[in-house]
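Colleague: Before we discuss this model, could you put the sequence and the structure on the screen? I would then like to go through some of its helices and strands with you, one question at a time.

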Amino acid sequence: MAQYDVIVIGAGPGGYVAAIRCAQLGLKTACVEGRDTLGGTCLNVGCIPSKALLHASHNLHEAEHNFAKMGLKGAAPKVDWDQMKSYKSEVVEGNTKGIEFLFKKNKIDWLKGWGSIPEAGKVKVGDEVHEAKNIIVASGSEPSSIPGVEIDENLVVSSTGALDLPKIPKKMVVIGAGVIGLELGSVYQRLGTEVTVVEFLDKITPGMDGDIQKNFQKMLKKQGLNFIMGAAVQKVETTKSKAKVTYQLRKDQSEATLDADVVLVATGRKPYTDGLGLEALGVEMSPRGQIKTNSHWETNVKGIYAIGDAIDGPMLAHKAEDEGMAAAECIAGKHGHVNYDVIPGVIYTTPEVASVGKTEEQLKEEGRAYKVGKFPFMGNARAKAVHQGDGFVKLLVDAESDRILGCHIIGPAAGDLIHEICVGMEFGASAEDIALTCHAHPTFSEAVREAALACGDGAIHA
């Protein structure tokens with residue numbers, strides 16, 4: 001029986017990062033993973049392959065719509081779907097092999113198979129039982145569906161199936177206007193698919209700032225995505241090669257149908273804890289199936305910790321990574337820390353969307369006095385030069401102290417630009433601090449500075 005200081009169950013972003021940090025802190029560590037490759041959903045069938053397809057399809061869009069404007073003449077490229085999927089697979093393989101290397105470098109044992117916890121301090125993998133002073137559950141999440149819709153990964157697919165369709169569909173219905181639905185919907189729209197997004201609510205990207213929701217939907221419509229809002233999907237029926245989606249409009253209860261070659265169910269994700277044996281151990285769970293933890297990411301059963309999508313909070317890879325490092329620090333007797341008020345969210349469409357901190361709607365609800373600084377990318381020389389002048393930076397600051405409370409960006413490189421504000425918020429920065437910091441010209445980042453200036457006497461270029 002192998003003995004470890006820590007066994008991590010799950011090798012996704014939370015799990016593998018936790019394992020590496022534990023090893024760095026001098027703890028004998030193992031990581032349980034049943035997939036053939038490390039990296040979990042994110043690297044294998046989530047974040048990374050979807051970004052590869054977003055990049056490839058964006059380049060196709062540029063070739064079709066912007067190359068000629070820049071003097072790049074010639075026939076638009078033809079899409080070789082199999083080659084595009086091969087490129088995606090190479091990207092995934094490069095990343096997963098990288099984690100294998102990091103495990104070897106840090107002397108972490110990969111226990112191949114699916115793990116369960118027969119009792120505190122023990123982890124069973126296959127027929128073998130391993131002892132561990134501490135166990136970190138990083139089992140992640142799985143796609144969730146809605147009543148009347150059964151995912152078969154053939155005609156009715158989750159994000160996993162959507163990343164590996166045998167051919168590019170002529171018509172696709174996306175159920176859910178959240179991050180996954182809009183990213184993958186964008187991919188297929190650029191590749192020539194007629195994409196219709198059906199959303200239960202009246203606004204896309206639930207929980208995001210209202211300005212972003214409204215402008216983002218306008219831009220996606222302009223690109224060719226169709227939207228049916230305020231619609232509750234009743235059922236999806238399939239034949240051998242087609243699917244039919246029946247939905248009901250909430251405003252008047254009228255029913256209608258949509259035909260599709262493929263239906264993408266993008267209605268969120270749920271914690272995946274099946275087969276771990278947590279109930280038998282008496283581990284406390286929330287009504288939503290999440291593992292309950294304390295401020296040290298420890299469950300009510302001593303020595304068992306949990307992080308990532310399996311516990312409360314936004315289901316984001318970087319949130320899981322932060323928790324993985326923090327839990328490792330706690331186990332090693334140090335102080336683990338995650339600032340849940342400064343966790344950015346990004347949508348990797350074109351334009352990108354990124355946000356951190358409070359939305360304007362939240363500040364109004366709290367009755368907090370605030371100021372808004374806004375700057376359009378149309379006033380940014382670099383953005384205009386690359387045909388990405390749509391969108392804006394919106395900064396929300398405290399009316400009295402000028403302290404940054406939130407930031408919302410829609411435009412080029414938004415997912416990278418947001419981190420200037422994340423760092424600023426960690427240090428309690430004011431809008432004036434950003435405004436007085438020299439930003440290189442010409443860069444997209446100048447738009448962030450201009451938004452900060454707009455919180456004071458006014459932006460220069462607007």
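**Strands, helices and a lysine**

Modeller: Strand β21 is joined by six bridges to strand β22 (residues 404-411), and the two run antiparallel. Please keep in mind throughout that this is a predicted model.

Colleague: Which residue in the turn of the β21 and β22 hairpin has a positive phi?

Modeller: The two strands form a hairpin with five residues between them. In that turn, a positive phi of about 70 degrees is found at Asp402.

Colleague: On the other pairing of β21, how many bridges join strand β20 to it, and which residue is the bridge partner of Lys371?

Modeller: Strand β20 covers residues 370-376 and runs antiparallel to β21, with seven bridges joining the two. Lys371 has its bridge partner in β21, and that partner is Val397.

Colleague: Which residue in β14 does Lys244 stand opposite?

Modeller: Strand β13 (residues 243-249) is joined to β14 by six bridges, and the two run antiparallel. Across this pairing, the residue that stands opposite Lys244 is Asp259.

Colleague: Are helices α3 and α6 roughly parallel or oblique to each other?

Modeller: The axes of α3 (residues 47-65) and α6 (residues 179-190) come within 9 Å and cross at roughly 40 degrees. Angles under 35 degrees would count as roughly parallel. The two helices, in a crossing that is left-handed, are therefore oblique.

Colleague: How many charged residues does the contact of α3 with α6 have?

Modeller: The contact is made by residues including Lys51, His58 and Glu64 of α3 and Glu183, Val187 and Arg190 of α6. By class, it has five nonpolar and five polar residues, and the number of charged residues is four.

Colleague: How are α1 and α4 oriented to each other, roughly parallel or oblique?

Modeller: Helix α1 (residues 13-24) packs with α4 at an angle of about 25 degrees, their axes being 10 Å apart. The crossing is left-handed, and the two helices are therefore roughly parallel.

Colleague: Which class do the residues in the contact of α1 with α4 belong to?

Modeller: Tyr16, Ala19 and Ile20 of α1 meet Ile99, Leu102 and Phe103 of α4. No polar and no charged residues are found in this contact, and the six residues are nonpolar.

Colleague: Finally, is Lys85 buried or exposed?

Modeller: Lys85 lies in helix α4 (residues 81-105), and, leaving aside residues up to four places away in sequence, it touches Leu163, Asp164, Leu165 and Pro166. Because its relative accessible area is 12%, under the 20% cut-off, Lys85 is buried.

Key. Residues are numbered from 1 along each chain as its sequence is written. This is a predicted model: local features need pLDDT of at least 70, side-chain atom pairs count only at pLDDT 80 or more; totals for chains, interfaces and linings use all residues. Side-chain values use heavy atoms; hydrogens and water are left out. Helices (H or I, at least four residues) and strands (E, at least two) are DSSP runs, numbered from the N terminus. Buried means under 20% relative accessible area, exposed over 50%, partly exposed in between (1.4 Å probe, protein chains only). Contact means heavy atoms within 4.5 Å. Two strands pair if DSSP finds at least two bridges between them. Axes are lines fitted to C-alpha atoms, for helices over the stretch in contact, and angles run from 0 to 180 degrees between N-to-C directions. Angles under 35 degrees count as roughly parallel, over 145 as roughly antiparallel, 65 to 115 as roughly perpendicular and the rest as oblique. A crossing is left-handed if the near helix is turned anticlockwise from the far one by less than a right angle, and right-handed if clockwise. Ala, Val, Leu, Ile, Met, Phe, Trp, Tyr, Cys and Pro count as nonpolar, Asp, Glu, Lys and Arg as charged, and the others, Gly among them, as polar.
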